[in-house]
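Hi,

Here is the structure I said I would pass on.

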Amino acid sequence: MHPYPDGFLWGASTASHQVEGGCVNNDWWHRERVLGLERSGDACDSYHRYDEDVALLAGAGLNAYRFSLEWSRIEPEEGLFLRAEVDHYRRMVESCRARGVEPVVTLNHFTVPQWFEERGGWTAPGAGDLFARFCERVLPVLDGVGHVVTLNEPNLHSCLVNMGPHVTAFPPAPDLAVADALLAAHRAVAPMLREATGALVGYSISSISFHETDATDDAARRLAHDVIDRWFLDAAGEDFVGVQGYTRIHLGAGGPLPVPPDPAARMIEQIGWEFYPAALEEMVRKAASLSGGTPVLVTENGIATASDEERVEYTTAALEGLEKSLADGVDVRGYLHWSLLDNFEWASGYGPTFGLIAVDRETFVRTPKPSLAWLGEKARAALA
Ligand code: GCO
(Lines give C-alpha, C1' and ligand atoms only; values in the text may rest on other atoms or scores of the structure.)
Protein backbone atom coordinates (compact mmCIF):
# COMPACT_ATOMS: atom_id res chain seq x y z
CA MET A 1 0.00 0.00 0.00
CA HIS A 2 1.22 3.47 -0.80
CA PRO A 3 0.02 6.66 0.87
CA TYR A 4 -0.48 8.79 -2.24
CA PRO A 5 -4.00 10.21 -2.45
CA ASP A 6 -6.16 10.01 -5.57
CA GLY A 7 -5.36 12.72 -8.05
CA PHE A 8 -1.79 13.09 -6.80
CA LEU A 9 0.27 15.06 -9.32
CA TRP A 10 3.41 13.29 -10.51
CA GLY A 11 5.52 15.40 -12.76
CA ALA A 12 8.45 17.62 -13.48
CA SER A 13 9.16 21.34 -13.60
CA THR A 14 10.95 23.79 -15.85
CA ALA A 15 11.14 27.58 -16.14
CA SER A 16 11.02 29.72 -19.27
CA HIS A 17 14.46 31.32 -19.17
CA GLN A 18 16.10 28.02 -18.31
CA VAL A 19 14.66 25.99 -21.19
CA GLU A 20 13.05 28.12 -23.89
CA GLY A 21 16.05 29.75 -25.50
CA GLY A 22 16.13 33.22 -27.04
CA CYS A 23 14.76 35.07 -24.02
CA VAL A 24 16.61 38.16 -25.22
CA ASN A 25 14.38 40.73 -23.62
CA ASN A 26 14.52 39.93 -19.91
CA ASP A 27 16.71 41.04 -17.02
CA TRP A 28 18.66 37.78 -16.91
CA TRP A 29 19.70 37.95 -20.53
CA HIS A 30 21.15 41.39 -19.79
CA ARG A 31 22.70 40.28 -16.52
CA GLU A 32 24.46 37.40 -18.29
CA ARG A 33 26.05 39.89 -20.64
CA VAL A 34 26.91 42.60 -18.13
CA LEU A 35 28.36 40.23 -15.53
CA GLY A 36 30.11 38.03 -18.09
CA LEU A 37 28.18 34.93 -17.06
CA GLU A 38 27.68 31.90 -19.26
CA ARG A 39 25.00 32.78 -21.81
CA SER A 40 21.64 31.03 -21.84
CA GLY A 41 21.53 31.30 -25.66
CA ASP A 42 19.14 28.78 -27.17
CA ALA A 43 18.81 26.93 -23.85
CA CYS A 44 16.94 23.68 -24.64
CA ASP A 45 15.00 25.28 -27.50
CA SER A 46 11.84 24.31 -25.65
CA TYR A 47 10.09 27.37 -27.06
CA HIS A 48 9.92 25.30 -30.26
CA ARG A 49 10.12 21.80 -28.81
CA TYR A 50 7.66 21.96 -25.91
CA ASP A 51 5.37 19.44 -27.55
CA GLU A 52 8.16 16.88 -27.61
CA ASP A 53 8.97 17.67 -23.97
CA VAL A 54 5.37 17.11 -22.91
CA ALA A 55 5.18 13.90 -24.97
CA LEU A 56 8.28 12.48 -23.26
CA LEU A 57 6.92 13.35 -19.84
CA ALA A 58 3.51 11.84 -20.56
CA GLY A 59 4.98 8.79 -22.28
CA ALA A 60 6.97 7.97 -19.15
CA GLY A 61 3.78 7.89 -17.07
CA LEU A 62 3.88 11.31 -15.43
CA ASN A 63 0.70 13.35 -15.23
CA ALA A 64 1.79 16.93 -14.48
CA TYR A 65 4.09 19.51 -16.05
CA ARG A 66 5.04 22.77 -14.40
CA PHE A 67 6.30 25.46 -16.73
CA SER A 68 6.43 29.24 -16.60
CA LEU A 69 5.30 32.12 -18.77
CA GLU A 70 7.99 34.48 -20.06
CA TRP A 71 6.62 37.93 -19.29
CA SER A 72 9.25 39.59 -21.52
CA ARG A 73 7.86 37.79 -24.57
CA ILE A 74 4.23 38.56 -23.83
CA GLU A 75 4.83 42.24 -22.96
CA PRO A 76 8.11 43.13 -24.70
CA GLU A 77 7.53 46.84 -24.18
CA GLU A 78 5.53 48.37 -21.38
CA GLY A 79 1.88 48.18 -22.37
CA LEU A 80 2.49 46.29 -25.61
CA PHE A 81 0.91 42.84 -25.31
CA LEU A 82 1.55 40.27 -28.02
CA ARG A 83 -1.43 38.09 -28.68
CA ALA A 84 0.71 35.58 -30.58
CA GLU A 85 2.77 34.90 -27.43
CA VAL A 86 -0.33 34.44 -25.29
CA ASP A 87 -1.51 31.96 -27.92
CA HIS A 88 1.84 30.20 -27.75
CA TYR A 89 1.45 29.49 -24.02
CA ARG A 90 -2.17 28.50 -24.56
CA ARG A 91 -0.93 25.89 -27.03
CA MET A 92 1.42 24.59 -24.34
CA VAL A 93 -1.54 24.14 -22.01
CA GLU A 94 -3.42 22.36 -24.77
CA SER A 95 -0.45 20.13 -25.54
CA CYS A 96 -0.53 19.03 -21.89
CA ARG A 97 -4.27 18.52 -21.88
CA ALA A 98 -4.18 16.46 -25.06
CA ARG A 99 -1.88 13.99 -23.31
CA GLY A 100 -3.67 13.81 -19.99
CA VAL A 101 -1.05 16.00 -18.33
CA GLU A 102 -2.12 18.56 -15.74
CA PRO A 103 -0.41 21.91 -16.48
CA VAL A 104 0.90 23.77 -13.42
CA VAL A 105 1.59 27.29 -14.64
CA THR A 106 4.06 29.66 -12.99
CA LEU A 107 3.35 33.29 -13.87
CA ASN A 108 6.75 34.61 -12.86
CA HIS A 109 9.83 32.46 -12.48
CA PHE A 110 12.50 35.03 -11.52
CA THR A 111 12.85 36.80 -14.86
CA VAL A 112 11.15 40.11 -15.61
CA PRO A 113 11.13 42.18 -18.80
CA GLN A 114 14.19 44.41 -19.08
CA TRP A 115 11.94 47.50 -19.21
CA PHE A 116 10.44 46.45 -15.85
CA GLU A 117 13.92 46.03 -14.38
CA GLU A 118 15.00 49.41 -15.73
CA ARG A 119 12.07 51.21 -14.13
CA GLY A 120 13.23 49.87 -10.77
CA GLY A 121 12.03 46.30 -10.53
CA TRP A 122 9.63 45.02 -7.89
CA THR A 123 10.05 47.84 -5.39
CA ALA A 124 9.40 50.66 -7.87
CA PRO A 125 6.06 52.47 -7.57
CA GLY A 126 3.39 50.78 -9.66
CA ALA A 127 5.30 47.50 -10.07
CA GLY A 128 2.50 45.45 -8.51
CA ASP A 129 -0.04 47.07 -10.84
CA LEU A 130 2.06 46.17 -13.86
CA PHE A 131 2.26 42.57 -12.70
CA ALA A 132 -1.50 42.54 -12.10
CA ARG A 133 -2.14 43.85 -15.61
CA PHE A 134 0.12 41.13 -17.02
CA CYS A 135 -1.80 38.51 -15.03
CA GLU A 136 -5.09 39.75 -16.44
CA ARG A 137 -3.75 39.60 -19.97
CA VAL A 138 -2.66 35.98 -19.61
CA LEU A 139 -6.01 34.73 -18.31
CA PRO A 140 -6.74 33.04 -21.68
CA VAL A 141 -3.72 30.81 -21.04
CA LEU A 142 -5.07 29.75 -17.67
CA ASP A 143 -8.54 28.63 -18.68
CA GLY A 144 -8.97 25.14 -17.20
CA VAL A 145 -5.56 25.17 -15.49
CA GLY A 146 -5.87 23.64 -12.02
CA HIS A 147 -2.81 25.13 -10.27
CA VAL A 148 -1.30 28.56 -10.76
CA VAL A 149 1.98 29.55 -9.08
CA THR A 150 2.13 33.34 -9.01
CA LEU A 151 5.78 33.78 -7.99
CA ASN A 152 8.75 31.47 -7.80
CA GLU A 153 10.70 31.64 -4.55
CA PRO A 154 9.86 35.20 -3.51
CA ASN A 155 11.70 34.46 -0.26
CA LEU A 156 14.97 33.61 -2.02
CA HIS A 157 14.52 36.54 -4.35
CA SER A 158 14.30 38.90 -1.42
CA CYS A 159 17.56 37.57 0.01
CA LEU A 160 19.69 38.36 -2.92
CA VAL A 161 19.48 42.07 -2.93
CA ASN A 162 19.21 43.70 -6.32
CA MET A 163 21.23 41.01 -7.98
CA GLY A 164 18.71 38.34 -8.65
CA PRO A 165 19.01 34.80 -7.48
CA HIS A 166 22.07 32.64 -7.83
CA VAL A 167 24.51 35.46 -8.40
CA THR A 168 25.51 36.56 -4.94
CA ALA A 169 25.90 34.71 -1.69
CA PHE A 170 23.51 35.33 1.16
CA PRO A 171 23.66 38.96 2.23
CA PRO A 172 23.71 39.78 5.94
CA ALA A 173 19.95 40.19 5.97
CA PRO A 174 17.07 39.67 3.57
CA ASP A 175 15.81 42.74 1.75
CA LEU A 176 12.41 43.04 3.34
CA ALA A 177 11.35 45.75 0.91
CA VAL A 178 11.62 43.25 -1.94
CA ALA A 179 9.93 40.63 0.21
CA ASP A 180 7.05 42.97 0.99
CA ALA A 181 6.68 44.07 -2.64
CA LEU A 182 6.50 40.48 -3.84
CA LEU A 183 4.05 39.50 -1.16
CA ALA A 184 1.86 42.50 -2.02
CA ALA A 185 2.05 41.60 -5.71
CA HIS A 186 0.88 38.07 -4.94
CA ARG A 187 -1.96 39.25 -2.71
CA ALA A 188 -3.12 41.71 -5.32
CA VAL A 189 -3.56 39.08 -8.02
CA ALA A 190 -4.47 35.88 -6.19
CA PRO A 191 -8.22 36.60 -5.63
CA MET A 192 -8.65 37.79 -9.22
CA LEU A 193 -6.92 34.67 -10.56
CA ARG A 194 -9.00 32.39 -8.38
CA GLU A 195 -12.21 34.00 -9.39
CA ALA A 196 -11.44 34.24 -13.10
CA THR A 197 -10.02 30.75 -13.55
CA GLY A 198 -11.26 28.58 -10.68
CA ALA A 199 -7.62 27.49 -10.24
CA LEU A 200 -5.89 26.93 -6.95
CA VAL A 201 -3.45 29.80 -6.57
CA GLY A 202 -0.30 29.90 -4.46
CA TYR A 203 3.39 30.63 -4.65
CA SER A 204 6.46 28.48 -4.31
CA ILE A 205 8.91 28.87 -1.47
CA SER A 206 12.59 28.09 -1.47
CA SER A 207 12.66 25.66 1.42
CA ILE A 208 16.13 25.25 2.77
CA SER A 209 16.52 23.06 5.80
CA PHE A 210 18.58 25.10 8.27
CA HIS A 211 20.55 23.16 10.86
CA GLU A 212 22.07 24.78 13.90
CA THR A 213 25.66 24.21 15.02
CA ASP A 214 27.56 25.22 18.16
CA ALA A 215 28.41 28.48 16.41
CA THR A 216 24.83 29.46 15.52
CA ASP A 217 23.92 32.85 16.96
CA ASP A 218 20.76 34.91 17.06
CA ALA A 219 21.62 36.80 13.89
CA ALA A 220 21.87 33.56 11.94
CA ARG A 221 18.68 32.27 13.52
CA ARG A 222 16.86 35.48 12.60
CA LEU A 223 18.04 35.24 9.03
CA ALA A 224 16.81 31.67 8.75
CA HIS A 225 13.48 32.63 10.23
CA ASP A 226 13.11 35.73 8.09
CA VAL A 227 14.00 33.75 5.01
CA ILE A 228 11.68 30.87 5.63
CA ASP A 229 9.37 31.10 8.58
CA ARG A 230 8.26 34.66 8.14
CA TRP A 231 7.15 33.81 4.66
CA PHE A 232 5.31 30.73 5.69
CA LEU A 233 3.53 32.53 8.45
CA ASP A 234 2.58 35.62 6.51
CA ALA A 235 2.00 34.09 3.25
CA ALA A 236 0.71 30.63 3.07
CA GLY A 237 -1.61 30.91 0.14
CA GLU A 238 -5.23 30.16 0.82
CA ASP A 239 -5.08 27.45 -1.82
CA PHE A 240 -1.70 25.75 -1.61
CA VAL A 241 1.91 26.46 -0.83
CA GLY A 242 4.61 25.29 -3.23
CA VAL A 243 7.61 23.71 -1.51
CA GLN A 244 10.99 23.58 -3.24
CA GLY A 245 13.36 21.64 -1.04
CA TYR A 246 16.75 20.31 -2.09
CA THR A 247 19.29 20.48 0.69
CA ARG A 248 20.29 21.74 4.09
CA ILE A 249 22.51 24.56 5.20
CA HIS A 250 24.26 24.77 8.55
CA LEU A 251 24.04 28.02 10.45
CA GLY A 252 27.16 29.54 11.94
CA ALA A 253 27.67 32.99 13.43
CA GLY A 254 25.69 35.61 11.51
CA GLY A 255 24.51 33.31 8.76
CA PRO A 256 25.05 30.11 6.82
CA LEU A 257 28.33 28.23 7.01
CA PRO A 258 30.12 27.40 3.81
CA VAL A 259 29.37 23.97 2.42
CA PRO A 260 30.33 21.31 3.34
CA PRO A 261 30.49 21.62 7.08
CA ASP A 262 29.56 18.02 7.68
CA PRO A 263 32.25 15.42 7.11
CA ALA A 264 29.49 12.81 7.05
CA ALA A 265 27.88 14.33 3.95
CA ARG A 266 27.13 11.57 1.44
CA MET A 267 28.40 13.72 -1.43
CA ILE A 268 28.49 17.30 -2.62
CA GLU A 269 26.44 18.00 -5.73
CA GLN A 270 27.71 19.71 -8.86
CA ILE A 271 26.21 22.92 -7.55
CA GLY A 272 27.99 22.77 -4.19
CA TRP A 273 25.02 21.57 -2.19
CA GLU A 274 25.11 18.74 0.30
CA PHE A 275 23.32 15.55 -0.81
CA TYR A 276 20.55 15.69 1.76
CA PRO A 277 17.26 14.18 0.54
CA ALA A 278 15.71 14.37 4.03
CA ALA A 279 15.27 18.10 3.33
CA LEU A 280 12.07 17.34 1.45
CA GLU A 281 10.26 15.65 4.32
CA GLU A 282 11.48 18.25 6.80
CA MET A 283 10.33 21.14 4.65
CA VAL A 284 6.98 19.63 3.69
CA ARG A 285 6.16 19.07 7.36
CA LYS A 286 7.33 22.55 8.28
CA ALA A 287 5.33 24.19 5.51
CA ALA A 288 2.17 22.35 6.47
CA SER A 289 2.53 23.15 10.14
CA LEU A 290 3.58 26.80 9.89
CA SER A 291 0.96 27.58 7.29
CA GLY A 292 -1.77 26.11 9.46
CA GLY A 293 -2.48 23.12 7.26
CA THR A 294 -2.40 24.75 3.83
CA PRO A 295 -2.09 21.96 1.24
CA VAL A 296 1.45 21.47 0.01
CA LEU A 297 2.48 20.96 -3.60
CA VAL A 298 6.11 19.98 -4.05
CA THR A 299 6.94 22.19 -7.01
CA GLU A 300 10.67 21.36 -7.09
CA ASN A 301 12.99 18.71 -5.68
CA GLY A 302 15.99 17.15 -7.33
CA ILE A 303 19.74 16.85 -7.52
CA ALA A 304 22.53 18.29 -9.67
CA THR A 305 24.62 15.30 -10.62
CA ALA A 306 26.21 13.69 -13.66
CA SER A 307 25.30 10.29 -12.22
CA ASP A 308 21.74 9.22 -12.94
CA GLU A 309 22.10 6.44 -10.34
CA GLU A 310 22.69 9.15 -7.78
CA ARG A 311 19.56 10.96 -9.01
CA VAL A 312 17.50 7.81 -8.44
CA GLU A 313 19.13 7.25 -5.05
CA TYR A 314 18.43 10.83 -3.98
CA THR A 315 14.86 10.82 -5.25
CA THR A 316 14.09 7.43 -3.72
CA ALA A 317 15.13 8.77 -0.32
CA ALA A 318 13.26 12.06 -0.82
CA LEU A 319 10.05 10.21 -1.76
CA GLU A 320 10.39 7.90 1.23
CA GLY A 321 10.37 10.99 3.43
CA LEU A 322 7.40 12.38 1.55
CA GLU A 323 5.54 9.10 2.05
CA LYS A 324 6.16 9.26 5.80
CA SER A 325 4.66 12.72 5.96
CA LEU A 326 1.65 11.59 3.87
CA ALA A 327 1.16 8.59 6.14
CA ASP A 328 1.08 11.03 9.08
CA GLY A 329 -1.72 12.96 7.42
CA VAL A 330 0.20 15.88 5.92
CA ASP A 331 -1.83 17.17 2.98
CA VAL A 332 0.57 16.91 0.02
CA ARG A 333 -1.03 17.16 -3.41
CA GLY A 334 1.83 16.41 -5.77
CA TYR A 335 5.50 15.92 -6.46
CA LEU A 336 7.10 17.81 -9.36
CA HIS A 337 10.74 16.94 -9.92
CA TRP A 338 13.32 19.57 -10.84
CA SER A 339 13.89 19.26 -13.66
CA LEU A 340 12.42 17.66 -16.74
CA LEU A 341 15.51 18.68 -18.77
CA ASP A 342 19.16 19.42 -18.21
CA ASN A 343 18.95 23.19 -18.51
CA PHE A 344 20.41 26.63 -17.85
CA GLU A 345 21.16 26.88 -14.14
CA TRP A 346 21.34 30.67 -13.79
CA ALA A 347 24.80 31.88 -12.75
CA SER A 348 26.08 28.28 -12.86
CA GLY A 349 25.27 28.00 -16.57
CA TYR A 350 25.00 24.57 -18.18
CA GLY A 351 27.40 22.83 -15.75
CA PRO A 352 24.96 21.40 -13.21
CA THR A 353 22.65 18.76 -14.66
CA PHE A 354 19.33 18.39 -12.82
CA GLY A 355 17.39 16.77 -15.68
CA LEU A 356 15.49 13.54 -16.10
CA ILE A 357 16.28 14.08 -19.77
CA ALA A 358 19.67 15.03 -21.26
CA VAL A 359 19.72 17.68 -24.00
CA ASP A 360 22.45 17.78 -26.62
CA ARG A 361 23.86 21.31 -26.56
CA GLU A 362 24.42 21.37 -30.32
CA THR A 363 21.42 19.56 -31.74
CA PHE A 364 18.95 19.85 -28.83
CA VAL A 365 18.20 16.15 -29.25
CA ARG A 366 16.57 14.84 -26.07
CA THR A 367 17.80 11.62 -24.49
CA PRO A 368 15.71 10.39 -21.58
CA LYS A 369 17.78 9.14 -18.65
CA PRO A 370 16.77 5.96 -16.81
CA SER A 371 15.51 8.17 -13.96
CA LEU A 372 12.66 9.40 -16.19
CA ALA A 373 11.29 5.90 -16.71
CA TRP A 374 11.93 5.12 -13.05
CA LEU A 375 9.92 8.13 -11.82
CA GLY A 376 7.22 7.40 -14.39
CA GLU A 377 6.95 3.85 -13.04
CA LYS A 378 6.56 5.14 -9.48
CA ALA A 379 3.80 7.38 -10.76
CA ARG A 380 2.04 4.62 -12.67
CA ALA A 381 2.13 2.31 -9.67
CA ALA A 382 0.75 4.99 -7.35
CA LEU A 383 -1.93 6.11 -9.79
CA ALA A 384 -3.08 2.59 -10.67
C1 GCO B 1 15.43 27.96 -8.02
C2 GCO B 1 14.56 27.71 -9.15
C3 GCO B 1 15.08 26.84 -10.21
C4 GCO B 1 16.47 26.28 -10.04
C5 GCO B 1 16.49 25.04 -9.18
C6 GCO B 1 17.88 24.46 -9.02
O7 GCO B 1 15.21 27.40 -7.00
O8 GCO B 1 16.31 28.73 -8.15
O9 GCO B 1 13.22 27.63 -8.95
O10 GCO B 1 15.03 27.78 -11.23
O11 GCO B 1 17.00 25.98 -11.27
O12 GCO B 1 16.01 25.32 -7.93
O13 GCO B 1 18.74 25.41 -8.46
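This is a predicted model: local features need pLDDT of at least 70, side-chain atom pairs count only at pLDDT 80 or more; totals for chains, interfaces and linings use all residues.

Now the overall picture. The protein chain has 14 helices and 12 strands. Its radius of gyration is 19 Å, close to the 21 Å that the globule rule gives for 384 residues, so the chain is as compact as a globular protein of that length. The C-alpha trace spans about 55 × 50 × 45 Å along its principal axes. Of the 384 residues, 49% count as buried. Among contacts with a separation of 6 or more, 79% are between residues 24 or more positions apart.

You'll find Glu300 in strand 9 (residues 296–300). Is Glu300 buried or exposed? The cut-off for buried is 20 or more other C-beta atoms within 10 Å. Glu300 has 25 of them, so it is buried. Setting aside neighbours within four places in sequence, Glu300 is in contact with Ser13, Gln244, Leu336 and Trp338. Another pairing to look at is Glu300 with Tyr65: they are 235 residues apart along the chain, and their C-alpha atoms are separated by 11 Å.

The peptide bond from Trp338 to Ser339 is cis, with omega near 10 degrees. Ser339 sits in the loop between strand 10 (332–338) and strand 11 (357–359).

That loop between strand 10 and strand 11 also holds Trp346. Phi of Trp346 is positive, near 50 degrees, and the residue is not a glycine. Trp346 has 23 other C-beta atoms within 10 Å, so it is buried. Ala43 is another non-glycine residue with a positive phi, of about 45 degrees. Look for Ala43 in the loop between helix 2 (27–34) and helix 3 (46–60). With 24 other C-beta atoms within 10 Å, Ala43 is buried.

Two more elements to check while you have it open. In strand 8 (residues 248–251), Arg248 and His250 point one way, Ile249 and Leu251 point the other way, and all are buried. Strand 8 runs parallel to strand 6 (residues 209–212), and four bridges join them. In one of these, Phe210 has Ile249 as its bridge partner.

Then there is helix 7 (residues 127–137), whose buried residues are Gly128, Leu130, Phe131, Phe134 and Cys135. Why are they on the same side of helix 7? They cover an arc of only 160 degrees around the axis, which puts them there. The general rule is that an α-helix has 3.6 residues a turn, so residues three or four places apart point the same way. As for what covers the buried residues of helix 7, this includes helix 4 (71–74), strand 3 (102–108), helix 6 (114–118) and helix 10 (176–197).

Over to you!

Definitions and conventions. Residues are numbered from 1 along each chain as its sequence is written. Helices (H or I, at least four residues) and strands (E, at least two) are DSSP runs, numbered from the N terminus. The radius of gyration is taken over C-alpha atoms; the globule rule is 2.2 Å times the number of residues to the power 0.38. A residue is buried if 20 or more other C-beta atoms lie within 10 Å of its own, exposed if 12 or fewer, and partly exposed in between; C-beta atoms are placed from the backbone. Two residues are in contact if their C-beta atoms, placed from the backbone, lie within 7 Å. Two strands pair if DSSP finds at least two bridges between them. The arc is that of the directions from the helix axis to the C-beta atoms.
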